[in-house]
There are 2 protein chains.
Amino acid sequence: MRIIENIQEMRRWSEAKRREGRRIVLVPTMGFLHEGHLSLVREGKRRGERLVVSLFVNPTQFAPGEDYAAYPRQLDRDRELLEAETVDILFHPSVEQIYPEGSQTHVEVERLSSLLCGVFRPGHFRGVATVVTKLFNIVRPHVAIFGSKDFQQLQIVGRMVQDLNFDVEIVACPTVREQDGLAMSSRNFYLDAKEREAAKVLYRSLQMAEALVHEGERRSDRIIRAVRAEIEKEPLARLEYLSLCDPTTLEEVDRIEKETLLALAVWIGKARLIDNTILKT
Amino acid sequence: MRIIENIQEMRRWSEAKRREGRRIVLVPTMGFLHEGHLSLVREGKRRGERLVVSLFVNPTQFAPGEDYAAYPRQLDRDRELLEAETVDILFHPSVEQIYPEGSQTHVEVERLSSLLCGVFRPGHFRGVATVVTKLFNIVRPHVAIFGSKDFQQLQIVGRMVQDLNFDVEIVACPTVREQDGLAMSSRNFYLDAKEREAAKVLYRSLQMAEALVHEGERRSDRIIRAVRAEIEKEPLARLEYLSLCDPTTLEEVDRIEKETLLALAVWIGKARLIDNTILKT
């Protein structure tokens, strides 16, 4: 595995592979890799001939007061994990290279960015859309792989690709979970033992919603009330939002009449955790 | 010359030319072509091996109440002019193709877009940056050519290319003028005979500023006062703005100590005309 830290070098490598007719896959990450990321890497291997994993903790997608400085980092371990997966390139640029002095351009997917997490993390999805645009222009992948835990991000990137005419295929991978159902996330690292136990409430509440729909419940308010009650039973959990919405537009729905996204964000200690499921009638 | 109206077809053509190793040049226009555009086309011929001229009157760069509907259009004549220049592709997409329903993504170069024309044309440069991003992603040029009459646009596109890591070389061409100095512009079409005569005041006032600097004047306020007085002598002209600023940051300067941009916008009848010059000490 080659490590590239320089934008020009990354660009040259990709341009050369494209000229050879190779299909390039990009897996963008912020590092501190877990099995969720590795599932994206393995899907990436299947989707193309050359695999680039980017590792960049993107400052512009953290709002002031969020955990940019505290976000866990472990480059050596990440490198070992990616070497074991026979990744071709680890692209690991510095903040100064990605955002040199004078940078002032952003990309924004307006409506989709204003909903769900966007209400509570101002500027977050603008930062995501901007850095993904930059990564697409530097790495020039044919395919890019994203996880479904960050469902809103996935929808925003897909919309952006359509709206800005990027010639990149977006592939979504399913959420990878711990044995007890907790969605894998770098931010699970923030949890102590008691909080880790409490965090099971996210998946438990999603399962409760699935069961209600399976039993025939179609009214959003009923499902939301039950999920909220489940989360409130857990004293270490604080619900930030809970939404039943259209999976494409992310607009809330009153009734579950077709595939509907249930998305939530819950604070446990200093970890803000998100999870989601698609409810099927 | 081939006319392409479809995004997928344009993309396929460009991808094929790139695979053949051809250097692709893009000249983006809104049509109603004049000698200014043709100078860009001729520069484009020199800069690469395949030449694409896009013709798209971009609705998102017109603010509500501006002249989008009235903007002059003459596709047949434009086609003849481009055929005579042996352009390879005229890319002429519909508004519905460029902005299908549900489009909601924009690109914005923040600081540069808030100055000069940006003060008076809210959203204009956001529309420009967004459509140029889309054209770059569809046509995938190696080089793109822009005119210097739209100096702020040129700086914004250059900044955007840096900030979003587009692999496109931006080439600036000098402003082409009529015999009497009026900068060529599709909007000159709006002028009646008297207004056309009055429009000479723009170039005359730029020349006056150049003469003052040549004589040793370095104080911005003195130059601005003289230029303003010259424009106010013309009863059909209404000055919108007048700025002496750094050509890269577009921030106003108090003294002319290095190359300085003098930029102005003047209304004459229903035509909003812009012009500029670089003052050299």
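# Strand pairing, domains and the A/B interface

Biologist: Opposite which residue of β7(A) does G147(A) stand?
Modeller: β6 (residues 143-147) and β7 (residues 169-173) of chain A run parallel and are joined by 5 bridges; strands pair if DSSP finds at least two bridges between them. Elements are DSSP runs numbered from the N terminus, helices being H or I of at least four residues and strands E of at least two. In β7(A), the residue opposite G147(A) is C173(A).

Biologist: What pLDDT do side-chain atom pairs need in order to count?
Modeller: Residues are numbered from 1 along each chain as its sequence is written, while chains are lettered from A and ligands numbered from 1 in the order in which they are written. This is a predicted model, where totals for chains, interfaces and linings use all residues, local features need pLDDT of at least 70, and side-chain atom pairs count only at pLDDT 80 or more.

Biologist: How many residues of domain 2 of chain A are in contact with domain 1 of chain A?
Modeller: An automatic or database domain assignment supplies the bounds, giving domain 1 (2-173) and domain 2 (186-276) in chain A. Their C-alpha centres lie 26 Å apart. Contact is set by C-beta atoms, placed from the backbone, lying within 7 Å. On that basis 14 residues of domain 1 of chain A meet residues of domain 2 of chain A numbering 13.

Biologist: Which element gives the largest share of the side of chain B that touches chain A?
Modeller: 23 residues of chain B are in contact with 23 residues of chain A. Elements giving two or more residues to this side of chain B include α1 (7-19) and α7 (124-139). The largest share, 5 residues, comes from β5(B).

Biologist: In what sense do β5 of chain A and β5(B) pair?
Modeller: V109(A) stands opposite T105(B) in β5(B). Over 5 bridges, strand β5 (residues 105-109) of chain A and β5(B) pair in a sense that is antiparallel.

Technical notes:
Two residues are in contact if their C-beta atoms, placed from the backbone, lie within 7 Å.
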